[in-house]
Amino acid sequence: MKSSRSTDRLEQAMDVFWERGYYDTSMSELMGRTGLHRAAVYGAFGSKRRLYEATLLRYRDTVVAAFWAPLARPDAALADIERFFRGLHQGAATPGKRLGCLMVNASSEVSPHIRSVARIVSTFLGDLHALLHRACVNARTRGELRSGVDEDQVADYRLGSVLGLWALARSPAPATALRHYVDGVLGVLNGLRPEATKRKPSRSRSIVPQAQFE
């Protein structure tokens, strides 16, 4: 079991990778920010790569778990998908914290080059898809989806939307762009409902046509 001090240092290393990325983070910067000596880093983790992988797993257990909470309930459905995206938007648009998602950043920066990181990212994406798919199946059971809607297609679209939102968050795009993006994603979600159960947009009017997943 890790001590609280070692956990704190792992989270400090996580923050460095999150801010700068894997390839732009030097060992000297890691040592300066965490207080670890080079021998301690290599003694505990074996390499910079393994330290990075440990921070990804720590990130998943803490930050990702908090964002995924609305989808984690076995009975999650469309309203929970909406809460999930609203929570992502709140985190993504926080002033001074436009760092994107560490796991999503890893998917584009590192996973094409390091297989062990690709496996971590693939597990992350697969688990998120499974949660989104389960919520869509629950929605189907409750009569919240129009006939002909493909749950797998919807889950894949939502998964892509998550990656798109976090990529936008790390870019210089204005905060309004993030809000419009999420409103558009949720407008599409609302369009999957039968006419009788469609909701009025909870924020600004959606700028995206209600897509047909048929």
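## Getting oriented

In which loop does Ser147 lie? Ser147 is found in the loop between H7 and H8, where "H" labels a helix; helices (H or I, at least four residues) and strands (E, at least two) are DSSP runs, numbered from the N terminus. Ser147 is exposed, with a relative accessible area of 60%; here buried means under 20% relative accessible area, exposed over 50%, and partly exposed in between, using a 1.4 Å probe and protein chains only. Although Ser147 and Arg193 are 46 residues apart along the chain, their C-alpha atoms are separated by 9.1 Å.

A word on how to read what follows: this is a predicted model, in which local features need pLDDT of at least 70 and side-chain atom pairs count only at pLDDT 80 or more, while totals for chains, interfaces and linings use all residues. Residues are numbered from 1 along each chain as its sequence is written, and side-chain values use heavy atoms, with hydrogens and water left out.

## The overall picture

The protein chain holds 9 helices and 0 strands, so if you follow the definition of these elements, the order from the N terminus on reads α-α-α-α-α-α-α-α-α. Along its principal axes, the C-alpha trace spans about 65 × 35 × 30 Å.

Of the 214 residues in the protein chain, 44% are buried. The accessible surface comes to about 10,800 Å², and 54% of this belongs to carbon and sulfur atoms; such areas come from the Shrake-Rupley method with a 1.4 Å probe, and for residues only the protein chains shown count as cover. Contact means heavy atoms within 4.5 Å. Among contacts between residues at least 6 apart in sequence, 67% join residues at least 24 apart.

Helix H5 covers residues 78-92, which makes 15 residues, and reaches 21 Å from its first C-alpha to its last. That is close to the 21 Å expected at 1.5 Å a residue, where the expected span is 1.5 Å times one less than the number of residues.

Because 11 of its 15 residues are buried, H5 is largely enclosed by the rest of the structure. The buried residues include Leu78, Ile81, Phe84, Phe85 and Leu88, together with Asp80, Glu82 and Arg86. Their cover includes helix H4 (48-72), helix H7 (115-141), helix H8 (151-170) and helix H9 (175-191).

Helix H9 has 17 residues and reaches 25 Å from its first C-alpha to its last, close to the 24 Å expected at 1.5 Å a residue. Among its buried residues are Leu178, Val182, Gly184, Val185 and Leu189, and what covers the buried residues of H9 includes H5 and H8.

Ser161 has its place in helix H8 and is buried, with a relative accessible area of 3%. Leaving aside neighbours within four places in sequence, Ser161 is in contact with Phe85, Tyr181 and Val185. The C-alpha atoms of Ser161 and Tyr59 are separated by 20 Å, and these residues are 102 apart along the chain.

## The nonpolar core

A nonpolar core is a set of buried Ala, Val, Leu, Ile, Met, Phe, Trp, Tyr and Cys residues joined through side-chain atoms within 4.5 Å. The largest one has 60 residues, and Tyr59, Ile81, Phe84 and Phe85 touch the most other members. Helices that each supply at least two residues of this core include helix H1 (4-20), helix H2 (27-34) and helix H6 (102-109). H7 gives the most, with 10 residues.

Tyr59 touches Met14, Trp18, Val64, Cys101, Leu102 and Met103, not counting residues up to four places away in sequence.

## A cluster of rings

The structure holds 8 aromatic pairs. Rings of Phe, Tyr and Trp (its six-membered ring) pair if their centres lie within 6.5 Å; planes under 30 degrees apart count as stacked, over 60 as edge-to-face and the rest as tilted. Phe17 and Tyr52 form an edge-to-face pair, at 4.9 Å centre to centre and 75 degrees between the planes. This pair links distant parts of the chain, with Phe17 in helix H1 and Tyr52 in helix H4, 35 residues apart.

The rings of Tyr22 and Tyr52 have centres 4.7 Å apart and planes at 50 degrees, so this pair is tilted. Both Tyr22 and Tyr52 are buried. Ring pairs link Phe17, Tyr22, Tyr23 and Tyr52 into a cluster.
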